Amino acid sequence: MSSSSILLRDYAQWELNAFLWISLITITLLLLKKVVKLFTLWFQAKSIPGPPCSSFYGHTYLLSRRSLTEVLSQSHDKYGSIVKLWLGPTKLLVSIKEPVLIKEMLLKAEDKLPLTGRAFSLAFGQSSLFASSFDKVQKRRESLALELNGRLLERENVIPTKVVDSVMDRINGIMGKGSSDCKVVSQHMAFTMLGATIFGDAFLAWSKATVYEELLMKIAKDACFWASYSVTPFWKRGFWRYQHLCTRLRCLTQDIVQQCCKNCKLFCHLDQSTHNETSNTGMETALGGPSHSDVPVPDNLFSEKLNGNLNAREEPCGNLMGVMFHGYLTTAGLIGNILARLATHQEIQDKIYEEIIMVRKGSVKQEQQSVDKMLLLLATVYESARLLPAGPLLQRCSLKHDLTLKNGVTIPTGAMLVVPVQLVQMDKCSWGSDSCQFNPYRFLSANGKQSDKACNASLTGAVKEDVDPRETSSVLKDPNDNAAFLPFGSGSRACVGQKFVIHGVATLFASLLERYEIRLRAGSEENPKATMNNCVYQLLPSPEIVFVRRNT
Ligand code: HEM
């Protein structure tokens, strides 16, 4: 062999060795980094109290036998307001139950767990509203909040009369059939209210609305399941069936958007002034839906700077579908709970009716409901939201840095932070001895101020006699003043639709109760349980209700 080929061979061998060494060192460093991270996590977690854990798999065995809420309830009773659980060697879950610490955590921890973002992106494509990282959602959150809250300021009624009439028509139809499932009525009310808000009046006459609603429900059944795979299960047939449903939903969303545009153009030609009621362009841009340059945007609907364009990775209609999905399921849950509570608390329903009639008598615009003055009705909405939150947990994580709370506890980066919202909202320390009972009066205070008497009464559950909403002096408390009121979350990732939903749902109920009395059908379940169903809590078995027309 010539000396040059020997030299070449040695050189190649040297190169290969160098490459292998560099690879080995890099992999070792990466592994070391992981090990250091793991030890830091274990070390930092040591100072957080929690049940002892002997298994390598953490507390998963415990959780396989009981629900997470049950385990957390017992752990909080035993270890205090902050407890940790291990869901695996690297998965630390920290639960917080003390309202002031919860507020602080929800403000400081800006990111959500990747699972939520994955569920939304699998179903609706990349979007800028339900992503895990706060940086990705911040802008879109702001524009949606501005649009929704702007509507509250602009219009006396968030829900236009046409929408209320459409819901009432359907209820008339239901009434003809006798009793009805609470769940079915609430889903329809929520769907109509939200669809008409997001897509405009064209939604009310849209022939494919029923299919759209069914698709949303079908997707809700499987969304969490498919998102729970850390590697997308392309090899599963069921997954492709699920993707097919999502694609159909996308096509239908595009269809209704087009219908709205047609409608919008028609109205623009007919009468510019009707634009306020019929155009959905402001909401669409707030949600990053398709923007149609040929559709004139009225100045008063949305300013140019809010016409947030989609970034390159965002799916057109992704946010529209995401908001329809989240808003529909959660709003239906809330409406269903209000219907069931009113049916089982006839005396409160009667008082709300009196309140509606009283406000109507004093109102100049007879066709509109002034829900701001219907204090007991609003208090009923708050109380129903308190007793049946959308889900058992609020969740957060801090992706970039450790989180130190005022009480000195440091929560390591990447830990799952949860708030057992159901426990917090039924805690006797925050809500009094009647914390598990339906008592809307707890949100009313007497004599124009939150008198000590009313507050104490609320804590002992004896407020009913003290506060009568028909007294002009009684005042509605801001539910968010109580740090333990969390049906819409709190802090940097709180629900953007809170004010809109409360107002909208109250408006629908004002019209409903004015015309009908809600009764429980004889023999129907009086104490249904909050059960997780289709991604949200629902009362199951769903009560059967009857609408009885009032003689006005
Ligand atoms: C009764 C109805 C509703 C309930 C109970 C509800 C509840 C919630 C909750 C608990 C969160 C998480 C908050 C947190 O982690 O702190 C949330 C997030 C959100 N909600 Fe709602 N929601 C409702 C309706 C709506 C509606 C109608 C809209 C929009 C029109 C909406 C828009 C949003 C958005 C965009 C987020 C995501 C915020 C983020 O991740 O940054 N919600 N909602």
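This is a guided tour of the structure, stop by stop.

**Before you start**

The model is predicted: local features need pLDDT of at least 70, side-chain atom pairs count only at pLDDT 80 or more, and totals for chains, interfaces and linings use all residues. Residue numbers start from 1 along each chain, as its sequence is written.

**Stop 1: the whole protein**

Show everything as a cartoon. The protein has 19 helices and 13 strands. Helices (H or I, at least four residues) and strands (E, at least two) are DSSP runs, numbered from the N terminus. Of the 552 residues, 41% count as buried. A residue is buried if 20 or more other C-beta atoms lie within 10 Å of its own, exposed if 12 or fewer, and partly exposed in between; C-beta atoms are placed from the backbone.

Two residues are in contact if their C-beta atoms, placed from the backbone, lie within 7 Å. Take the contacts with a separation of 6 or more: 74% of them link residues 24 or more positions apart.

**Stop 2: colour by confidence**

Colour by pLDDT, the predictor's confidence in each residue, from 0 to 100. The mean is 84, and 84% of the residues reach 70 or more. Which elements have the lowest and highest mean pLDDT? Helix H11 (residues 275-278) has the lowest, at 41, and helix H15 (residues 375-387) the highest, at 97.

Now select residues 292-308. Here pLDDT stays under 50, and the model has 29 contacts beyond four places in sequence. Then select residues 450-466. Here too pLDDT stays under 50, with 31 such contacts.

**Stop 3: the cores**

A nonpolar core is a set of buried Ala, Val, Leu, Ile, Met, Phe, Trp, Tyr and Cys residues joined through C-beta atoms within 7 Å. The largest one has 97 residues. Select Leu339, Leu377, Leu378 and Ala506, which have the most contacts inside this core. Helix H13 (residues 318-344) gives the most to this core, with 15 residues.

Zoom in on leucine 339. Leaving aside neighbours within four places in sequence, leucine 339 is in contact with Cys182, Val185, Ser186, Ile518 and Ile545. A second, separate core has 27 residues, including Met105, Val418, Val419 and Phe485.

**Stop 4: around the ligand**

Select the ligand. How many residues surround the ligand? There are 27, and the closest are Gly327, Thr330, Gly489, Cys495 and Gly497. A residue counts as near if its C-beta atom, placed from the backbone, lies within 6 Å. H13 supplies the largest share of this shell, six residues. Helix H6 (134-154) and H13 each supply at least two.

Colour the shell by class. There are 17 nonpolar, seven polar and three charged residues. Ala, Val, Leu, Ile, Met, Phe, Trp, Tyr, Cys and Pro count as nonpolar, Asp, Glu, Lys and Arg as charged, and the others, Gly among them, as polar.

**Stop 5**

Two strands pair if DSSP finds at least two bridges between them. Find the open sheet of three strands, E3-E13-E10, with antiparallel pairing. Strand E3 (180-181) and strand E10 (516-520) are the edges, each pairing on one side only. E3 and strand E13 (residues 544-549) share two bridges. Serine 180 has isoleucine 545 in E13 as its bridge partner.

**Stop 6: strand E7**

Select residues 416-420, strand E7. Four of its five residues are buried. Strand E2 (residues 92-96) runs parallel to E7, joined by three bridges. Valine 94 stands opposite leucine 417. Strand E4 (residues 393-396) pairs with E7 in the antiparallel sense, over four bridges. Here leucine 393 stands opposite proline 420.

**Stop 7: a hairpin**

Go to strand E11 (residues 529-533). Five bridges join E11 to E12, and the two run antiparallel. They form a hairpin with two residues between them. In the turn, asparagine 534 has a positive phi of about 50°. Threonine 531 stands opposite glutamine 538 in E12. Strand E12 (residues 536-540) is mostly covered, with four of its five residues buried.

**Stop 8**

Select helix H5 (residues 114-124). Its buried residues are Gly117, Arg118, Ala119, Phe120, Ser121, Ala123 and Phe124. Glycine 125 follows H5, with a positive phi near 85°.

Finish at glutamine 498, in helix H19 (residues 498-515). Why does glutamine 498 count as partly exposed? Because 19 other C-beta atoms lie within 10 Å. Proline 487 is 11 residues away in sequence and 9.0 Å away in space, C-alpha to C-alpha, from glutamine 498.
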